[in-house]
Amino acid sequence: MTTRLADIAAQAGVSEATVSRVLNGKPGVAATTRQSVLAALDVLGYERPVRLRQRSEGLVGLITPELENPIFPALAQVIGQALTRQGYTPVLATQTPGGSTEDELTEMLVDRGVAGIIYVSGLHADTTADMQRYERLRAQGVPFVLVDGFSPKVQAPFISPDDRAAMALAVTHLASLGHTRIGLALGPKRFVPVQRKIEGFVRAVQEQLGLSAETVETELIQHSLYTLEGGQAAASALMDRDCTAVVCASDMMALGAIRAARQRGLEVPDDISVVGFDDSPLIAFTDPPLTTVRKPVPAMGQAAVRTLLEEIGGTPAPHSEFVFMPELVVRGSTASAPGDRNRP
């Protein structure tokens with residue numbers, strides 16, 4: 001027992017006496033300290049004493065796309081932790097090709113009496129989808145928050161990264177390295193984040209390189225799927241158009257772009273530079289480590305939970321969009337343009 005107390009105290013960064021007070025349910029411990037001790041218990045694999053197990057305030061549904069792209073599990077983890085800290089039990093419902101649809105998952109969660117639902121990259125991001133489904137859900141009295149996507153037709157809080165700013169960051173970085181043919185690889189055009197990235201990319205290339213909007217849109221943008229294979233196909237098409245740098249709309253696509261370059265016998269970043277988007281877990285450890293635009297996942301996930309709990313509590317947040325600023329993380333997949341090496 002003493003060894004266990006010492007382990008937990010060291011992990012949590014508190015005294016053994018404090019750990020003892022928390023484990024015995026004694027008062028006089030700050031909420032953040034108590035949380036640190038409970039987190040240490042979990043990390044070290046110890047079971048929580050029965051008296052410390054929280055009664056659930058209710059279930060909250062989290063509907064995400066596939067979990068193959070590591071950005072979705074990363075966001076789910078932030079949202080799940082934030083919900084648990086507030087006493088709610090997260091229920092993860094994942095769409096898969098050929099599996100349950102968003103509408104079916106929504107119906108399943110509503111049937112189980114969830115307190116609210118958080119949608120990540122759902123049909124709300126698809127400009128061709130019928131937005132009436134969300135109004136019907138609102139009419140049922142179920143609070144919800146929408147992450148990654150926006151529609152003026154839906155009265156709900158939206159949480160988004162600034163996709164336009166993300167492209168400006170990537171293009172400015174590559175232009176500063178001397179690249180004059182910068183391509184953009186991204187998903188189908190009907191999605192709001194895709195349209196916003198195109199707007200940001202076209203504007204940034206016009207400003208940085210002086211190209212016309214028509215040239216950028218016809219020669220430097222390639223639509224594909226948000227997969228490794230999709231990135232490979234899109235990057236290959238852009239390399240055929242003499243691009244020396246490719247900005248990708250996801251890290252998975254960027255890994256595909258690197259693969260496309262290697263299949264041609266090209267080196268990244270010596271012959272071609274690649275920039276991703278998301279900064280999903282493990283991306284810093286690829287070969288080469290990927291330069292990417294980091295999506296502010298912790299801030300976005302916590303904001304989604306905070307906003308939903310305000311809706312549940314009867315003090316709704318404004319039905320508008322909360323936009324979070326991304327940041328460029330420069331690693332090893334970008335370098336000076338091939339013909340620009342000897343510039344002083």
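## Helices H7 and H8

In this predicted model, helix H7 crosses helix H8 in a right-handed sense. H7 covers residues 163-176 and H8 covers residues 192-209.

On the H7 side, the contact is formed by Asp 163, Arg 164, Met 167, Ala 168, Val 171, Thr 172 and Ala 175. H8 contributes Pro 193, Arg 196, Lys 197, Glu 199, Gly 200, Phe 201, Arg 203, Ala 204, Val 205, Gln 208 and Leu 209. By class, the residues of this contact are nine nonpolar, three polar and six charged.

## Helices H4 and H12

Helix H4 (residues 71-85) packs against H12 at an angle of about 45 degrees, and the two axes are 8 Å apart. Angles under 35 degrees count as roughly parallel and those from 65 to 115 as roughly perpendicular; H4 and H12 are therefore oblique to each other. The crossing of H4 over H12 is right-handed.

From H4, the residues that meet H12 are Ile 71, Ala 74, Leu 75, Val 78, Ile 79, Ala 82 and Leu 83. Their partners in H12 are Val 297, Pro 298, Gly 301, Gln 302 and Val 305. This contact of H4 with H12 holds 10 nonpolar and two polar residues, with no charged ones. As background, an α-helix has 3.6 residues a turn, so residues three or four places apart point the same way.

## Thr 307 in H12

Thr 307 also belongs to helix H12, which runs over residues 297-312. Is Thr 307 buried or exposed? Its relative accessibility is 7%, and because buried means under 20%, Thr 307 counts as buried.

Apart from neighbours within four places in sequence, the residues in contact with Thr 307 are Val 145, Pro 157, Ile 159, Ala 317 and Phe 322.

## Helix H11 and its surroundings

Helix H11 has 13 residues, 251-263. At 1.5 Å a residue H11 should span 18 Å, and its end C-alpha atoms are 19 Å apart, which agrees. After H11 comes Gly 265, with a positive phi near 80 degrees.

Which residues of H11 are buried? They are Asp 251, Met 253, Ala 254, Gly 256, Ala 257, Ile 258, Ala 260 and Ala 261.

How values were computed: Residues numbered from 1 in each chain as written. Predicted model: local features only at pLDDT ≥ 70, side-chain atom pairs only at ≥ 80, totals over all residues. Heavy atoms only, no water. Helix = DSSP H or I, 4+ residues; strand = E, 2+ residues; numbered from the N terminus. Expected span 1.5 Å × (residues − 1). Buried < 20%, exposed > 50% of the residue type's maximum accessible area, 1.4 Å probe, protein only. Contact = heavy atoms within 4.5 Å. Axes fitted to C-alpha atoms, helices over the stretch in contact; angles between N-to-C directions. Parallel < 35°, antiparallel > 145°, perpendicular 65-115°, else oblique. Left-handed = near helix turned anticlockwise from the far one by under 90°. Nonpolar A, V, L, I, M, F, W, Y, C, P; charged D, E, K, R; others polar.
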